[in-house]
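Take a look at the chain shown here. The text below leads you through it step by step.

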Amino acid sequence: MEEKFGFGRFGGSLKVDSVQALAANLGPEIPDIYVRPERKEVIVAGDEEDSGESFPVIDFGRLFDSKCSEEEAAKLHSACQGWGFFQLVNHGIPEDVISKLRQDTEEFFKLPLEEKEKIAQLPGQTEGYGQLSVQSKEQKLDWGDRLAFVTFPPNNKQLRIWPTNPPSFRETIDAYAIEIKKVADGLLKMISKNLGLEFEKLYDLFKGGIQYFRFNYYPPCPSPEKVFGLGPHSDPMGLTILLQVNDLQGLQIRRKGRWLPVEVIPGALIVNIGDVIEILCNGKYKSIVHRAVVNNEKERLSVAGFHSLNIGDLVGPIPEIVKGDEMLYKSLQFEEFFKQVLAAKLEGKTILDHMKLDK
């Protein structure tokens with residue numbers, strides 16, 4: 001498929017220096033372009049001890065076990081409505097598939113820079129190896145490198161920027177993409193049910209949609225308290241499923257005016273509601289602002305699998321959900337939606353700010 005027709009055309013990023021290469025040869029001082037004054041904010045150390053709340057943990061297997069499905073579905077509903085995030089255990093993805101993805105991801109980022117740059121982002125594209133959404137030379141940068149591309153549907157895959165080194169990486173990615181899509185499909189069905197829709201309503205909306213992978217590499221930083229691995233944002237997709245490659249804590253979510261670190265649970269995936277689902281359900285479930293931080297001793301790696309609607313689809317509240325309620329968001333075609341995502345980012349806002357209807 002020609003580049004101009006790919007999903008990656010919705011955005012683009014200027015070429016900047018590899019943070020991994022910079023960190024390998026850096027002294028005690030970091031370049032000012034990475035220093036983020038807003039980094040200094042209150043953080044809760046662990047779960048919200050003051051309220052007695054714990055970060056939600058959902059058992060995927062129990063969702064589809066007739067003996068306990070109703071109870072687990074209620075927990076899922078509470079997590080989506082009250083948190084927008086949850087840990088997912090017993091997800092059914094074979095351990096060998098996850099282990100191979102972790103291995104190949106680590107091997108890719110160990111490659112020489114010139115090898116990684118063989119699949120660098122092209123101008124005006126978001127897919128490939130590089131940085132995330134750098135729009136100007138004055139823009140503050142994140143302390144991390146990315147590799148990103150579409151994995152579904154097949155006619156949207158840009159194999160030019162799929163890695164061929166390590167040699168098994170493409171096959172590994174395909175295997176994991178199939179498994180993670182099964183998980184996403186199952187969650188979408190249960191979310192539909194919880195929202196009072198037909199069981200397969202969201203599944204049907206998303207089944208031909210975009211699955212987009214982003215591999216994140218956050219190198220150690222001599223002044224981690226001054227930088228972001230990934231700055232505060234909400235995800236402009238439908239459902240995000242995150243695999244923490246090396247089990248190093250770094251993800252934080254915005255909750256009750258504070259930043260809450262997300263504990264690493266071995267074997268668990270981290271799932272969050274994205275902007276598209278918040279819009280589809282007219283605000284009943286929330287897309288939460290989150291960020292990634294780094295440390296000064298060890299690199300952190302993760303793989304985010306984003307699931308959304310497809311090019312040509314309509315992004316807007318589902319009529320069956322709105323019924324007699326006030327409609328909170330307008331509707332836009334998918335292409336226009338992602339143009340607005342970029343416009344909102346340049347204004348320091350989220351797409352939800354752009355989509356809200358005036359009262």
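This is a predicted model: local features need pLDDT of at least 70, side-chain atom pairs count only at pLDDT 80 or more; totals for chains, interfaces and linings use all residues.

Residues are numbered from 1 along each chain as its sequence is written, and side-chain values use heavy atoms, with hydrogens and water left out.

Start with helix H4 (residues 95-110) and helix H6 (residues 169-194). Their axes come within 9 Å and cross at roughly 135°. Helices here are DSSP runs of H or I with at least four residues, strands are E runs of at least two, and both are numbered from the N terminus. Axes are lines fitted to C-alpha atoms, for helices over the stretch in contact, and angles run from 0 to 180 degrees between N-to-C directions. The angle makes H4 oblique to H6. Angles under 35 degrees count as roughly parallel, over 145 as roughly antiparallel, 65 to 115 as roughly perpendicular, and the rest as oblique.

Which residues make this contact? From H4 come Val97, Ile98, Lys100, Leu101, Asp104, Thr105 and Phe108. From H6 come Phe169, Thr172, Ile173, Ala175, Tyr176 and Glu179. Contact means heavy atoms within 4.5 Å.

H6 also packs against helix H3 (residues 69-82). Here the angle is about 85°, with the axes 10 Å apart. H3 and H6 are therefore roughly perpendicular to each other. Ser69, Ala73, Leu76, His77 and Cys80 of H3 meet Met190, Ile191 and Asn194 of H6.

Now turn to Cys221. It sits in the loop between strand E5 (211-218) and strand E6 (230-233). Is Cys221 buried or exposed? Cys221 counts as buried because its relative accessibility is 1%. Buried means under 20% relative accessible area, exposed over 50%, and partly exposed in between, with a 1.4 Å probe and protein chains only. Leaving out residues up to four places away in sequence, Cys221 touches Ile30, Trp143, Val227, Val294, Asn295 and Asn296. Between Cys221 and Gly61 there are 39 Å in space, C-alpha to C-alpha, and the two are 160 residues apart in sequence.

Finally, find Ser18. It lies in the segment before helix H1 (19-24). Ser18 is buried too, with a relative accessible area of 10%. Apart from residues up to four places away in sequence, Ser18 touches Leu113, Tyr129 and Asp145. A polar atom of the Ser18 side chain lies 3.1 Å from the backbone nitrogen of Ala21.

Definitions and conventions. A polar contact is a pair of N or O atoms within 3.5 Å; within protein, one must be able to donate a hydrogen and the other to accept it, and residues adjacent in sequence count only if both atoms are side-chain atoms.
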